[in-house]
Amino acid sequence: MHKSKWMRLDLLLFTFCMLGCWNLASASDVQSKTANEQTAQTTDAFSMPGEFEPIESVWLAYPCYDNLAGRPISEVQGAMIKTLAPSIYIDLLVQDAADRAKAEKWVASLGIPEGKVRYHTIPHTDVWVRDMGPIFLSNRKGKLRIADFGFSEWSYSDPTDPDAMEDERVDRLVARDLGLPIVRSSLISEGGDRESNGHGTLLTTEAVELNRNPGMTKEQITDELKRVFNVQNVIWLKQGLADDDLTYYGPLPNGKLPVMTTGGHIDEYARFADPHTILLAEVSEEERDSSPVDAITYERMETNYDILSHAVDQDGQPFTLLRVPIAEPIEVTVTEKDPIYQKLAEIEYTNGYTFKKGEPVTIVLAASYMNFLIANDVVLVPAYWKEGRSESMKEKDARVQQIFEKAFPGRTIVRINPENVNAGGGGMHCISQQMPKRR
């Protein structure tokens with residue numbers, strides 16, 4: 001999913017040139033951008049809705065690569081689209097006319113009614129729309145704006161890397177296509193590390209935001225998040241799942257590599273189910289005692305639980321906390337035939353780990369029940385058991401089903417196996433972005 005942490009020397013001149021071009025291009029991405037930004041920044045009515053609020057569509061990006069040979073990302077996207085299309089629109093990013101033709105043929109093969117998928121020709125290098133795509137803000141009149149942050153490919157690249165810059169401008173191009181104003185921010189930040197209750201409270205991860213913005217303090221980042229999202233209350237959780245630590249840190253304590261992971265995105269472990277209820281990942285004592293990786297996650301999640309137990313919302317009210325089991329670890333051995341293998345081989349590992357190119361390597365998929373997607377009356381939730389896998393995984397899938405039925409009464413829980421996406425470091429929530437209803 002990501003690139004090497006360091007830019008090649010032969011790209012330096014090119015990227016500096018691109019930076020200058022980006023500054024010029026940014027001015028034309030949205031007409032009268034300066035005026036739009038000034039208006040957005042002085043209007044306090046626009047904020048980030050909760051994901052459980054009514055939406056018009058879900059945004060996806062037509063895949064431009066796969067992670068594992070023979071296991072296409074489009075299988076997961078296809079299952080998502082077939083579930084969502086009866087009740088909402090799908091806005092699909094495509095590269096160009098040829099890409100659109102392929103996408104239209106694929107959508108038709110899914111049996112999706114004409115007009116339910118809306119195509120947008122916007123260049124991009126990745127499928128992770130949650131992180132590099134549009135972040136929608138809305139007001140009570142149903143008007144929309146788009147928040148625009150910097151992007152460094154999850155810290156695997158410099159923000160001036162050509163691919164990072166191409167994906168960074170996706171949100172502005174969407175704003176141009178939809179005729180929406182933008183709210184600009186100097187923060188390097190991704191949508192997968194923000195959870196909003198839609199009433200003035202935001203959750204985020206300290207380890208992620210400080211990693212992306214080493215020149216800023218937590219207080220400065222807090223002030224900027226409050227400004228952009230018009231919230232009164234930012235709750236900082238410490239760290240995410242251990243197997244979501246940045247891949248360039250090297251292998252996990254079990255000797256396996258995580259797969260181009262984010263360093264602790266909130267949407268892997270803590271999510272709002274409604275304005276007052278937070279779902280939080282949980283490691284059992286048995287899992288803690290039997291796995292060195294789970295032992296780390298256990299300590300982190302209990303620290304986060306303590307923070308949330310003492311936290312209050314924007315009105316000073318405590319939250320209801322529901323614990324959700326972590327997913328069973330899913331390990332896959334990859335070789336040079338798998339696209340993810342090449343990406344892992346390009347990383348410069350900071351702990352001295354040497355990737356032995358040409359030899360198979362075992363990776364841990366970014367599996368998480370918390371990477372779910374809410375879309376009006378439907379909630380898409382990961383499910384991992386299949387024939388040949390452990391009974392404990394089957395039982396855990398069933399427990400998760402019960403928890404989500406309790407957390408989302410009146411909504412249909414639809415289970416989808418997202419492994420083909422997990423192999424790149426994220427899940428269904430990561431490759432999607434909801435757009436609120438417009439009036």
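Student: How many helices and strands does the protein have?

Tutor: The model is predicted. Its secondary structure comes to 14 helices and 19 strands.

Student: Why is Glu153 called buried?

Tutor: Glu153 has 2% relative accessibility. Buried means under 20%. The value falls under that cut-off, so Glu153 counts as buried.

Student: Where is Glu153 found, and what is its phi?

Tutor: Glu153 is in the loop between β5 (144-150) and α6 (162-168). Its phi is positive, about 50°, although Glu153 is not a glycine.

Student: Why is Asn230 called partly exposed?

Tutor: Asn230 has 24% relative accessibility. Buried needs under 20%, and exposed needs over 50%. The value lies in between, so Asn230 counts as partly exposed.

Student: Where is Asn230 found, and what is its phi?

Tutor: Asn230 is in the loop between α9 (218-229) and β9 (233-237). Asn230 is not a glycine either, yet its phi is positive, about 55°.

Student: What percentage of the protein's residues are buried?

Tutor: Buried residues make up 59% of the 439 residues.

Student: Which residues have the most contacts inside the largest nonpolar core?

Tutor: They are Met80, Tyr269, Leu279, Ile363, Phe404 and Phe408. That core has 110 residues. Apart from it lies another core, of 16 residues, including Phe149 and Leu187.

Methods
Residues are numbered from 1 along each chain as its sequence is written. This is a predicted model: local features need pLDDT of at least 70, side-chain atom pairs count only at pLDDT 80 or more; totals for chains, interfaces and linings use all residues. Side-chain values use heavy atoms; hydrogens and water are left out. Helices (H or I, at least four residues) and strands (E, at least two) are DSSP runs, numbered from the N terminus. Buried means under 20% relative accessible area, exposed over 50%, partly exposed in between (1.4 Å probe, protein chains only). A nonpolar core is a set of buried Ala, Val, Leu, Ile, Met, Phe, Trp, Tyr and Cys residues joined through side-chain atoms within 4.5 Å.
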